[in-house]
Amino acid sequence: MHLKTNDIVEVISGDDRGVRGKVLHIDREKGKLVVEGVNRVYKHVRRSQKNPQGVRLSKEMPIQISNVLLYCSRCNKPTRTGTRQATDGSKERFCRKCDAALGQLSPSKTKDK
Ligand SMILES: [Zn+2]
């Protein structure tokens with residue numbers, strides 16, 4: 001899965017299925033990522049001197065990378081992606097359905113030494 005932070009992804013399974021959001025954080029070691037507005041849990045903080053009213057904090061919890069797909073703005077749906085070499089030697093992602101380029105993965109290889 002070739003995802004980066006700030007990508008727009010759509011959740012394809014679980015409670016948040018169909019929810020679209022921005023990737024906030026990726027944990028490649030654990031194979032998880034945090035998506036804005038997805039898998040949000042609320043934590044209630046008891047009343048204290050610091051928070052006399054008590055507060056409700058919300059925080060997104062990581063979900064499995066395999067539960068999301070990159071969103072393709074041209075297809076207007078989540079899509080599977082592939083990678084290919086662009087003409088300038090850089091590596092880019094593309095939508096397997098409509099062939100649209102979906103962002104660069106690595107910079108172009110310049111041959112000057
Ligand atoms: Zn597409």
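Biologist: Which residue in β2 does glutamate 10 stand opposite?

Modeller: Glutamate 10 stands opposite arginine 20. This is a predicted model: local features need pLDDT of at least 70, side-chain atom pairs count only at pLDDT 80 or more, and totals for chains, interfaces and linings use all residues. Residues are numbered from 1 along each chain as its sequence is written, and side-chain values use heavy atoms, with hydrogens and water left out.

Biologist: Which sheet holds them?

Modeller: An open sheet of six strands, in the order β6-β3-β2-β1-β7-β8, with antiparallel pairing.

Biologist: Why are β6 and β8 said to stand at the edges?

Modeller: Each has a single partner strand, so one side of each is left without a neighbour in the sheet.

Biologist: How many bridges join β9 to β10?

Modeller: Five bridges join β9 to β10 (residues 91–95), and the strands run antiparallel. Threonine 81 has cysteine 95 as its bridge partner. Arginine 84 has glutamate 92. Five residues lie between the strands of this hairpin, where glycine 89 takes a positive phi near 95°.

Biologist: What is the strand order in the open sheet of three strands?

Modeller: The order is β9-β10-β11, with antiparallel pairing. β9 (81–85) and β11 (101–106) stand at the edges, because each has a single partner strand.

Biologist: Which residues are the protein donors of the zinc ion?

Modeller: Cys72, Cys75, Cys95 and Cys98, each through SG, lying 2.1 to 2.3 Å from the zinc ion.

Biologist: What do cysteine 75 and cysteine 95 tie together?

Modeller: Cysteine 75 lies in the loop between β7 (68–72) and β8 (77–79), and cysteine 95 in β10, so the pair ties together parts that are 20 residues apart in sequence.

Biologist: Why is the arrangement around the zinc ion called tetrahedral?

Modeller: Four donors count as tetrahedral if all angles lie between 85 and 135 degrees. The angles here are 103 to 115°, so the term applies. Ideal angles for four tetrahedral donors are 109.5 degrees.

Biologist: Why is cysteine 95 called buried?

Modeller: Buried means under 20% relative accessible area (1.4 Å probe, protein chains only). Cysteine 95 has 0%, so it is buried.

Terms used
Pairing = 2+ DSSP bridges. Helix = DSSP H or I, 4+ residues; strand = E, 2+ residues; numbered from the N terminus. Donors = N, O, S within 2.8 Å, 3.2 Å for Na, K, Ca; no water. Tetrahedral: all angles 85-135°; square planar, octahedral: opposite > 155°, others 65-115°. Buried < 20%, exposed > 50% of the residue type's maximum accessible area, 1.4 Å probe, protein only.
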